[in-house]
Amino acid sequence: MGISGALKYTPQEYVEAFSIPEPNSGCWIWLGPVGQRRSNYGKGKYRGTNILAHRFSYEAHRGPIPDGYEPDHLCRVTVCVNPQHMELVTSYENFLRSNGPAAVNARRTHCIQGHILAGDNLHITKSGKRVCRSCARIRSLAGYHKNVQDPEWKARRRARRRERAGQGL
């Protein structure tokens, strides 16, 4: 019998047949195929249907997963199929719990200089990037003061002012 799950297995027996308990962590390690590229989750086929092992195990042992929720591995082991190691959360909550760069940045409460990233000090760009207004102001002033010391910049500025004055602006 392959990983396809013969008709004689109940869902619980299928999970038990293709996983082994890891004694130190309590994880049930999936022995079947594992996704490539971005997804390192266990997968398989049960009675002709493609499955994700952790979702299948959760549903087999704890019941259906409501719409809008997904199981989050509390143990952070993507090949673990122990339903006691999973908690149902929203996709956004699952994203925030991850260790990816976007999630790490989303959890930040202060910028690299220590300014708080909230309220009037937070600017969100059109692309969704969070920008510290205090740091942006400091960068802007630093550029201005750098330019004020530049004689060519001063000459261009005077010329622009004369040009505007001539146009009645």
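Asn-82 touches Gly-26 and Trp-28, leaving aside residues up to four places away in sequence; contact here means heavy atoms within 4.5 Å. I begin with this residue and then widen the view to the chain.

This is a predicted model, in which local features need pLDDT of at least 70, side-chain atom pairs count only at pLDDT 80 or more, and totals for chains, interfaces and linings use all residues. Residues are numbered from 1 along each chain as its sequence is written, and side-chain values use heavy atoms, with hydrogens and water left out.

Where is Asn-82 found? Asn-82 sits in the loop between β5 (70-73) and β6 (86-89). Helices (H or I, at least four residues) and strands (E, at least two) are DSSP runs, numbered from the N terminus. Asn-82 counts as buried, at 6% relative accessibility. The term buried means under 20% relative accessible area, exposed means over 50%, and partly exposed lies in between (1.4 Å probe, protein chains only).

The side chain of Asn-82 has two polar contacts to present. A polar atom of that side chain lies 2.8 Å from the backbone oxygen of Gly-26, and the side chain also reaches the backbone nitrogen of Gln-84 at 2.9 Å. A polar contact is a pair of N or O atoms within 3.5 Å; within protein, one must be able to donate a hydrogen and the other to accept it, and residues adjacent in sequence count only if both atoms are side-chain atoms.

Ser-19 is buried at 11% relative accessibility, and its side chain reaches the backbone oxygen of Val-15 at 2.6 Å. Not counting residues up to four places away in sequence, Ser-19 touches Trp-28, Ile-29, Trp-30, Leu-31 and Val-81.

One of these, Trp-30, belongs to strand β2 (residues 28-30). Trp-30 is buried, with a relative accessible area of 5%, and its side chain reaches the backbone oxygen of Pro-33 at 3.3 Å.

Strands β3 (residues 43-46) and β4 (residues 49-52) pair in the antiparallel sense over 4 bridges; two strands pair if DSSP finds at least two bridges between them. Lys-43 has Leu-52 in β4 as its bridge partner. Between the strands of this hairpin there are 2 residues, and Arg-47 takes a positive phi near 50°.

Helix α5 (residues 133-148) comes next. Its 16 residues should span 22 Å at 1.5 Å a residue, and its end C-alpha atoms are 22 Å apart, which agrees; the expected span is 1.5 Å times one less than the number of residues. Which residues of α5 are buried? They are Ser-134, Cys-135 and Val-148. Seen down the axis, the buried residues of α5 fall within an arc of 145°, so they line one face of the helix; the arc is that of the directions from the helix axis to the C-beta atoms. The face turned away from the buried side carries the exposed residues Arg-139 and Lys-146. Covering the buried residues of α5 are, among others, β8 (130-132) and α6 (151-167).

Finally, the chain as a whole. There are 6 helices and 8 strands. Of the 169 residues, 25% count as buried. The C-alpha atoms fill a box of roughly 90 × 30 × 25 Å along the principal axes. Trp-30 and Arg-137 are 107 residues apart in sequence and 52 Å apart in space, C-alpha to C-alpha.
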